[in-house]
Amino acid sequence: LKHIGGLAKAISDAGGPSVQSESSSYVQINGKVSPGDCVVLGAGALPCKRIIHSVGPRWVDGTKNEEQTLYFTVLNCLQKASKENLSSVAFPAISTGVFGMPEEICAKASLKAVLDYLQGNQNSTVTAIRFVLYNPTAFQAFKSSFKSIILPCATKQCDKDAAAAVSNSGQWLWADDSGSFSPYSPTTAAQLTQEFSKNPSGSFQCLINGKSYMIDFASMIQT
């Protein structure tokens with residue numbers, strides 16, 4: 001936990017001297033943090049509750065369990081965040097700096113860990129997970145992995161939720177800004193039924209309270 005370069009140094013500098021001193025004290029008492037593990041310490045002067053210091057793997061050649069270690073790094077951070085009753089977590093592209101982890105592998109392992117955590121911890125206090133990426137190539141890697149890993153599962157869950165809503169109520173429902181479900185007007189509901197029967201994976205534009213919405217049947221997400 002020596003914050004002498006890269007993002008670690010930037011966070012330590014922004015947080016003030018207490019960030020490094022607290023990290024050094026932790027290591028002196030508990031020993032070094034191993035790759036794949038993390039520790040939650042104070043945030044110093046930063047505008048957040050805590051800093052989760054993690055140690056990602058150093059990339060060798062892909063045969064040293066680097067991807068699996070990164071997966072557990074992200075997973076352990078999320079578990080520690082929930083134990084601290086934190087509601088949001090922000091991650092960088094761990095190990096892609098001086099440790100040399102390829103961005104595509106980092107994105108794949110990180111988002112797989114997020115998906116597995118959320119599916120296995122539905123009562124977690126963590127409700128917002130962000131990846132803060134300043135490198136355009138890292139952004140593209142995470143965008144691609146999001147589409148292939150997260151989005152298909154999110155779509156399936158939305159389909160299940162929508163099917164349950166229609167099955168239980170016998171009508172089309174939409175969620176307002178407060179999260180409450182309300183029925184569409186009879187005219188709009190009839191149009192939705194007609195369009196859905198034509199193309200269940202298509203979309204339909206309609207007016208709700210004077211505003212235009214595009215209903216995506218494939219994901220049942222308001223866009």
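A: Helix α4 has 18 residues, and its first and last C-alpha atoms lie 26 Å apart, close to the 26 Å expected at 1.5 Å a residue. This is a predicted model.

Q: How many helices and strands does the chain have?

A: The chain has six helices and nine strands. Of its 223 residues, 33% are buried. The accessible surface comes to about 13300 Å². Carbon and sulfur atoms hold 54% of that surface.

Q: What share of the contacts with a separation of 6 or more joins residues 24 or more positions apart?

A: That share is 52%.

Q: How do I read the side of a helix? Which residues of α4 are buried?

A: Start with the general idea. An α-helix has 3.6 residues a turn, so residues three or four places apart point the same way. Now the case here. The buried residues of α4 include Glu 103, Cys 106, Ala 107, Ser 110, Leu 111, Val 114 and Tyr 117.

Q: At what angle do α3 and α4 pack?

A: Helix α3 covers residues 66-83. Helices α3 and α4 pack at about 40°, and their axes are 8 Å apart. That angle makes α3 oblique to α4. The crossing is right-handed.

Q: Which residues make the contact between α3 and α4?

A: From α3, they include Leu 70, Tyr 71, Val 74, Leu 75, Leu 78 and Ser 82. From α4, they include Cys 106, Ala 109, Ser 110, Ala 113, Val 114 and Tyr 117.

Q: What span should α3 have at 1.5 Å a residue?

A: The 18 residues of α3 should span 26 Å. The end C-alpha atoms of α3 are 26 Å apart, which agrees.

Q: Which residues of α3 are buried, and what covers them?

A: Among the buried residues of α3 are Leu 70, Val 74, Leu 78, Ala 81 and Ser 82. Their cover includes β1 (38-42), β2 (50-54), β3, α4 and β4.

Q: How do I read a phi angle? What phi does Asn 85 take?

A: Most residues other than glycine have a negative phi, and most peptide bonds are trans. Asn 85 is not a glycine, yet its phi is positive, about 60°.

Q: Is Asn 85 buried or exposed?

A: Asn 85 has a relative accessible area of 55%, so it counts as exposed.

Q: What phi does Ser 95 have, and where does Ser 95 lie?

A: Ser 95 has a positive phi of about 75°, although it is not a glycine. Ser 95 lies in the loop between β3 (88-91) and α4 (103-120).

Q: Is Ser 95 buried or exposed?

A: Ser 95 is buried, because its relative accessible area is 11%. Leaving aside neighbours within four places in sequence, Ser 95 contacts Gly 56, Pro 57, Gly 100 and Met 101.

Q: Where is Val 126 found, and what does Val 126 touch?

A: Val 126 is in the loop between α4 and β4 (128-131). Not counting residues up to four places away in sequence, Val 126 touches Leu 78, Ala 81, Ser 82, Leu 86, Ser 87, Val 89 and Tyr 117. At 5% relative accessibility, Val 126 counts as buried.

Q: What separates the C-alpha atoms of Val 126 and Ser 82?

A: They are separated by 5.8 Å. Along the chain, Val 126 and Ser 82 are 44 residues apart.

How values were computed:
Residues are numbered from 1 along each chain as its sequence is written. This is a predicted model: local features need pLDDT of at least 70, side-chain atom pairs count only at pLDDT 80 or more; totals for chains, interfaces and linings use all residues. Side-chain values use heavy atoms; hydrogens and water are left out. Helices (H or I, at least four residues) and strands (E, at least two) are DSSP runs, numbered from the N terminus. Buried means under 20% relative accessible area, exposed over 50%, partly exposed in between (1.4 Å probe, protein chains only). Contact means heavy atoms within 4.5 Å. Accessible areas come from the Shrake-Rupley method with a 1.4 Å probe; for residues, only the protein chains shown count as cover. The expected span of a helix is 1.5 Å times one less than its number of residues. Axes are lines fitted to C-alpha atoms, for helices over the stretch in contact, and angles run from 0 to 180 degrees between N-to-C directions. Angles under 35 degrees count as roughly parallel, over 145 as roughly antiparallel, 65 to 115 as roughly perpendicular and the rest as oblique. A crossing is left-handed if the near helix is turned anticlockwise from the far one by less than a right angle, and right-handed if clockwise.
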